[in-house]
Amino acid sequence: MTAMSTNPNTSPSSNHKEQSNYRSPKSRRWRQSQVATAVIAIAALLISTAAWLSLVFSGSPPSLTVARLQNKAPAPSFAQYRNDSVAVSEEEEWSDDEELSLDDVVFGIAGSSGLWKQRKEYIRLWWCADDMRGHVWMDEKVPEEENDESLPPVMVSEDISRFRYTNPTGHPSGLRISRIISECFRLLLPKVRWFVLADDDTIINADNLVAVLSKYDASEMVYVGSPSESHSANTYFSHSMAFGGGGIAISYPLAKALSEIQDECLERYPKLYGSDDRLHACITELGVPLTREPGFHQYDIRGNAHGLLSSHPIAPFVSIHHVEAVDPFYPGLNSLQSLKLFTHAMRLQPSSFLQRSICYDRRRHLTFSVSLGYVVQVFPQIVLPRDLERSEQTYSAWNGITRRNEFDLDTKDVYRSVCKKPILFFLKDIRSQGNATLGSYMRSRAKDDFKRTVLCFPRSRHLRHLRKIQVLGHPLTKKWHLVPRRLCCQLNQKSDEVLRLEVGQCAKGASGSITDFK
C-alpha cells in the first residue's frame, strides 16, 4: 500500500498550503496581466467613443461623391437643423403689425417646355404681372416668341443629373421640380414672407391665398397645403403631405432651412416617385408638420367635376389643379372658355367664390342650393343641409376607381330618380353692381327633361317655366375666413320665368335660411 506522504508528521492540509505558496508568484503575474488587458480595453473604448462623438458633432457630413461611390446617402447631420441656422436675419425681419400682401409672396410654378404653349394660357387666367412676383421653372429654354409680359418670367432649372433616381415607374423630373423651392430662395428676392409652389395647370385665387396665409406667423417654419381627394394617392404617398398641384405654401424660414439641406436630403430618397414626396421627406426631417387648408385642391379626379364644385367646403377657395383633365365646368363651352368664365367670376367675388348657401321655399317644397359663381341647384323637394354637404359623385378618381370609399371626403351616389334630381342653373354671366355682384344662372337642358315633365308633374309644376335665376352676392367681411360659416340667402320671385336670390353673410343668430345683411 503506497503512503500518502513520505513524512508521517505532515498532513494533507499542510501539503496544500505548501503547494499554494509555491505557485503564488505565477498567480500574481497572471492577475497583473488581466488588469493590464482591462485597462487597455477601457482606454481603447474611450478613445474610439471620443472619435465617434467628434465625427457626429463636427457638422461636416461626408461628401455626396463618397456616399454615391458607397451606394448610400449620408445620414442626416442634425447639427445643421439648429434653430440659429434658420433664424430670420435682421435684414429679413418684418413687423407683426404689417399686413400681408401679394408683394410678400413669391410664386414658383413648375412648367414643361413641351406643354408650355398650351399651359401658359391657364396661367394667364390668374396671373397679374403688376401685382405678383415669381417665375415658371422649365426643364429647358422655350422660344422667346412664346413668352410675353403678361406671364411670369421663365427660368431654366439647374441640372439634376448628379442625383440618383431609382423609382421604376416615375420620372426624374420629380427631382428638378422638388428643388424649385431652393432655387427660388437662392434668387435672394427682397421682402419675401412666403413661397408658393404650384403647377402650370393650376388656377390660383390670389386674394384668398393672401387671406389664408395671413392667419399664420411667417417668421416661423410653416408648411401649408392639402392632401389629395384620392384615398389611394394619400395612402401611397402620405396623408400628411401637401400635394403640389393644389399648391404648397412655405414660409421664408422653412425655405431657408430647405435650401441648406435639400440637396443632401434628396440623396437619401432616390426611390421616391415625384417632387411632392421628396419635398415632404425633407420637410419631415426638419420636424415641420403639414398645416391643412381645405381650400387648396389637388383635384385628382377625372370626368365631371360638378359634384366637387357644387359642394365646396366652407373655407376660402384657394386653388384648383388638373383643370384640363376634367370636363368643361359650364355647358356649351370648351375647356378654356369655361375657365375664362370661372376665373372672371373668381376675380369679381374672390372671398365668396364657390361658397354655398341654402334657401327653402317651404310652401312649394323646394330647395335652392347656391354655389356662387358656378351653379344653382333647385330640388323639387326639401333636402336637409347635412345631405347637401355631401359631394355627389359625378367623377372618378385619377386612377379610374369610382367606388365611394376611394375618396377621402364625404360623398353620395348620383341621384337616380328623375323626380328627385335637381334642376341645374349654370352661371351664364356676372357683373359688378355697386359693392355686390349680380350673376345670371340659366337653366341647363338635360336629356331626361321630357321624362321629368311627364312623370314628375306634381312635383315640378312650379318649375316648368323657370328659365333664369339671378343671384345678388353681397361682399363678406375681411374676417369671414377666420371663422367661416355657410352663407345665408333669401328668395324673391320676380315672375314665373325669373327668380331672384340674395346671398350674403349671415347675421349673428340667423337660422341660415334667412339673410340679415350687414
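**View 1. Helix H9 and the elements packed around it.** The buried residues of helix H9 (residues 276-285) pack against helix H4 (173-178), helix H5 (180-185), strand E4 (194-199), strand E6 (223-225), strand E7 (248-251) and helix H8 (252-266). This is a predicted model, in which local features need pLDDT of at least 70, side-chain atom pairs count only at pLDDT 80 or more, and totals for chains, interfaces and linings use all residues. Residues are numbered from 1 along each chain as its sequence is written, and side-chain values use heavy atoms, with hydrogens and water left out. Helices (H or I, at least four residues) and strands (E, at least two) are DSSP runs, numbered from the N terminus. Nine of the 10 residues of H9 are buried, so the helix is largely enclosed by the rest of the structure. Here, buried means under 20% relative accessible area, exposed means over 50%, and partly exposed is in between (1.4 Å probe, protein chains only). The buried residues of H9 are Asp 276, Asp 277, Arg 278, Leu 279, His 280, Ala 281, Cys 282, Ile 283 and Glu 285. Look just after H9 for Gly 287, which takes a positive phi of about 80 degrees.

**View 2. The whole protein, for orientation.** Stepping back, you can find 14 helices and 21 strands in the protein. Of its 518 residues, 48% count as buried. Its accessible surface comes to about 26,600 Å², with 54% belonging to carbon and sulfur atoms; these areas come from the Shrake-Rupley method with a 1.4 Å probe, and for residues only the protein chains shown count as cover. Contact means heavy atoms within 4.5 Å. Among contacts between residues at least 6 apart in sequence, 68% join residues at least 24 apart.

**View 3. Helix H11, its start and its cover.** Helix H11 covers residues 335-348, and at 1.5 Å a residue its 14 residues should span 20 Å, which agrees with the 20 Å between its end C-alpha atoms. The expected span is 1.5 Å times one less than the number of residues. At the start of H11, a side-chain oxygen of Asn 334 reaches to within 3.2 Å of the backbone nitrogen of Leu 336. Which residues of H11 are buried? They are Ser 338, Leu 339, Leu 341, Phe 342, Thr 343, Ala 345 and Met 346. Their cover includes helix H3 (116-126), strand E5 (203-204), helix H10 (306-309), strand E10 (319-320) and strand E17 (423-433).

View 4. A search of the whole structure finds 17 aromatic pairs. The rings of Trp 126 and Trp 127 have centres 5.7 Å apart and planes at 75 degrees, so this pair is edge-to-face. Rings of Phe, Tyr and Trp (its six-membered ring) pair if their centres lie within 6.5 Å; planes under 30 degrees apart count as stacked, over 60 as edge-to-face and the rest as tilted. Both Trp 126 and Trp 127 are buried. Elsewhere, ring pairs link Tyr 236, Phe 237, Phe 243 and Tyr 273 into a cluster.

**View 5. Two arginines over aromatic rings.** The charged end of Arg 302 sits over the ring of Trp 398, 3.8 Å from the ring centre. Arg 362 lies over the face of Tyr 360, at 5.2 Å from the ring centre. A charge sits over a ring if NZ of Lys or CZ of Arg is within 6 Å of the ring centre and within 35 degrees of the ring normal.

**View 6. Cys 184 in helix H5.** Cys 184 lies in helix H5 and, at 2% relative accessibility, counts as buried. Leaving aside residues up to four places away in sequence, Cys 184 touches Gly 108, Trp 137 and Phe 195. Cys 184 and Phe 195 are 11 residues apart along the chain, with 7.9 Å between their C-alpha atoms.

**View 7. Glu 99 in a loop.** Glu 99 is found in the loop between helix H2 (64-69) and strand E1 (105-110). Is Glu 99 buried or exposed? With a relative accessible area of 65%, Glu 99 is exposed. Not counting residues up to four places away in sequence, Glu 99 touches Asp 104 and Arg 193. Glu 99 and Ser 214 are 115 residues apart in sequence, and 7.6 Å apart in space, C-alpha to C-alpha.

Definitions and conventions: A polar contact is a pair of N or O atoms within 3.5 Å; within protein, one must be able to donate a hydrogen and the other to accept it, and residues adjacent in sequence count only if both atoms are side-chain atoms.
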